Amino acid sequence: MSTVLPYERGDGKIQGWHRDRLAVIYVRQSSRQQVLDHGESTRLQYGLTGRAAALGWPASRVMVIDEDLGRSAANAAERPGFARLVAEITMGHVGLVLGLEMSRLARAGRDWHQLIELCSLAGALLADADGVYDPNWYNDRLLLGLKGTMTELELHLIRQRMASGRLAKAGRGELAVPLPAGYVRRPSGEVALDPDEQVQAVIRLVFGLFEQLGTVHAVLRFLVEHQVRIGMRERSGPGKGEVAWRAPHQQGLVNMLRNPVYAGIYAYGRSRTDRSRRLPGHEHSGRVRRLDAGQWLVRIEGALPAYISVEQYERNQARLAANRARAESLGAPREGPALLGGLVACGICGHRMQVSYETSRQGLTGRYCCQRRHHTYGEPRCQQMAARFLDDHVVAQVLSALAPAALELSVTATRQVETRRAEVDRIWRQRLERADFACDRARRQYQLAEPENRLVARQLEREWEAALAERANLGEDYERYQRQRPARLSPAELAAIRALAGDIPALWAAPTTTMADRKRLLRAVIESVQVTADGATERVQATVTWAGGHQTHAALLRPVARIDQLSYYPALTGRIRALAGEGLGNAAIAGRLAAEGFCTPRQHERFHDGEIQHLIRRLGLRPGLDHDHRTDQGSLAPGQWWLAALAREIGMPAATLFGWLKRGWVTGRQDTRAPYRWIITADHAEVERLRALHQLPAGYHNRRRWTDDGIPIDTSKDKEPDNHGREDLRSSH
Ligand SMILES: [Zn+2]
C-alpha cells in the first residue's frame, strides 16, 4: 500500500505546494456490522497514512477523518466527517484526499460530483489504491466521474435484484409475511391457526366486540375492564415461539382489524414508504403510507386459514373509515381560546396534552388534558387542568421577555459575549506570535550552527521543520476558530428589533389580532410548556422551554373543582372552626380568611358568604342553625336515607348522587317539610349496588363515545369533578 508507482511521482501531479497542505485520509465503513466484518478493510484505510508518507507528506501533516465510521447516512448532511472534509477542502487546507475506494467516499452521486468540483477549485488531488488523480486534468476527471457512476449503478442493481426477487416470490404467495397474533408457522412453512385455544378465543372476542360495539376505543375499554390480554408468540429471544400475554392497546387493535390475514387473505405491498419524509439519520425510515386495497401489489384470497369472512373484513374497514371521517369533521376549533394547544406537555408521562373545550357561563373555556395513557391503554388519565391560568402565566412571561427593557438586556449580554471573544482572540494572537518566534529562533540556531558539525545541523534542521509545521497547524486552527464566530447584529437590525419590541404588547391586545395570530407568536418564541400538578391539589409546577433551549420554572396555582382538593384544606377548616368558635358571622369569617390569604378552590381572593355558610354546615359547626343529618336519620323509616347521608355512607360526592337521582338511576322523593332535601329509598342490597357502581372506572357512567383515533366526540361531559364542585357549592346558595 505504501509503494508509489513510478509514474505517480514522475508525471508531476504532486507539486511542492500540495505537500505544504494537509493530506486527508477519509475513513468510512457504512454500518456497524461492516465495521466488525470488514476489520481488514478498516485497517487498510488507516494504513493509507503510510501511503501519504510515501507520496511525500510528513506524518505531522496527515489528518485522519474517521467520524463517519459506522454511519450509513446517504447524504452529506448526516455525515459530520464528510462535512468536515468538504470544509477543509473549501478553506484550501487540503493538498490530497486519500480513500480506499474513492467513489465510495461519497455514497450519493451528487456528493461525489460536488467533491470532485471542490477539489478541482481548491487545487486538491484525490488518491485511491489505483493511483493519484488531479480533477483539473481532463482524463483524470473523466475517470473519477466514471468511477462514481459505476458505484451508483452497482448499488442500484443490487437493490433492484433483491426487490424483484421478493416480488416474484410474493406473487406466488410464498414469501413469508410476518404473522399477527393468533397464527403460527409450522416448521414446514405452512401457516396455521394458533393451537392455543385461549389465544384463538381472544382474537375471536376482539372481532366479535368490534362488530357489536363499533369503535376501537369501546373494544379497548371492554378488554381493559375485563382484564383480557392478547396472546402473542415471541418472535425472538430465549422464549422464541412461546405465548406472551400482552396488555391490549389502541394501535394494536387497529392493526388487528386492518390486517387482511385474519380474513384468510395473503397480501403483500399494503403500504409504501415515502422516502421524502425520511427521518434524519435513518436511511431506511420514511413515512409509511397505507395503500387502498385496490393498490396492493399482491392479494390472494383464501390462501390462509381465516378467523373472519372477507365480507366481515370489508365491513370492518368501512366502519374504521367512517369513524375516522366523523372524528375529523369534529376537530377542535382553531380559533379556540386555549393559546397553548400543542405546546403543553405532561410532566408525568411526557406526552403532549390535548385541548378540550366546554361551554360554560363564562363562554368557551379550554382545558389541557393528558389522554394518552387513557386512549392507548385504557388506564386513568395522568392529569388535566384549566387552560386559562396557564395561558395567563405564559403570556405574561412572553410579553415581559419581549418588553423593550428585557431586549435591551439581551443586547447588552450579546455585547459581553463579544468582549469575551475579543479576549480569547487576543490569546490566540499571542499563541501565534510565540509560534512565530519559535520558528525564528530555530531558523537562527540552524543558521548559526557550524556546517562541519553535520549531526548538530541535522538535528537543528529537524527542529526548525517541526516548529514550522506547528506554526502552520496553529494558523489553521485559528482560521477554524474564526469561522465559528456568531453572526453579529448590525446597528440597523438592532434598531428594527427595538422598534418592534415597543409595539408587541399593543399588537398582542389589538382587536384585529386573532387567536390564531397569538398562537403563532407564542409558537415562535416558545418550544414547550411542561406542567406537573401536585396530585389533585391546586399546586402546579410549570417549566417553559424557550426557543433556543433556555428554561424558566414557576410554581403556579390552578383552580380546582372541590374545596377538599386544596393543599391547605386542613388549615382552612381549622381557621373556620376557630373563627366560628369566636362567634363571627359568615361575612366576617370570609373577610378574615381573605386577609389571611386563603383563596377559594377557583383561586378567587374571597369566599362568598354563602360558601362559608355551606362549609360551616358541612363541618358540623353551629348545629343549632341547621339540620344535622346524623341525628335526623331517626325520623326516617328503615331503608330511607337523606341524600347527603347516603352519599357519605357510600363515600361519594353528594352532587354525583344527585346527578344519578336526576338520571333515574336511584329512586327518591323530596321532603315535604323542606322541599330542597331529598329522601332516597335504598335497602342494603341497593346500597351495595350503588357502591359498586361508584367504584367503576371514571367516565364509565357517562357512557361517552370515542372514535377510533381516540378523539372524544362529546367532551362536554368530561368534566365530572367540576360538576361535583359546583353542585356542592351551589346547593348552599
Ligand atoms: Zn401524562
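**The zinc site and its cysteines**

Tutor: A search of the whole structure finds 0 disulfides, a disulfide being a pair of cysteine sulfur atoms within 2.5 Å. The model is predicted, so local features need pLDDT of at least 70 and side-chain atom pairs count only at pLDDT 80 or more, while totals for chains, interfaces and linings use all residues. Residues are numbered from 1 along each chain as its sequence is written, and side-chain values use heavy atoms, leaving out hydrogens and water.

Cys369 is in no disulfide; the nearest cysteine sulfur, that of Cys370, is 7.6 Å away. Cys369 is buried, at a relative accessible area of 1% (buried means under 20%, exposed over 50%, partly exposed in between, with a 1.4 Å probe and protein chains only).

Cys370 is one of the residues that coordinate the zinc ion: the donors are the SG atoms of Cys346, Cys349, Cys370 and Cys382, at 2.2 to 2.4 Å. Donors are N, O and S atoms within 2.8 Å of the metal (3.2 Å for Na, K and Ca); water is not among the atoms, so sites may look incomplete. The 4 donor atoms subtend angles of 100 to 115° around the zinc ion, which makes the arrangement tetrahedral (for four donors, all angles between 85 and 135 degrees).

In sequence, the donor residues are spaced C-x2-C-x20-C-x11-C. Cys349 and Cys382 are 33 residues apart and link distant parts of the chain. Cys346 is buried at 0% relative accessibility, whereas Cys349 is partly exposed at 22%.

How values were computed:
Tetrahedral: all angles 85-135°; square planar, octahedral: opposite > 155°, others 65-115°. Helix = DSSP H or I, 4+ residues; strand = E, 2+ residues; numbered from the N terminus.
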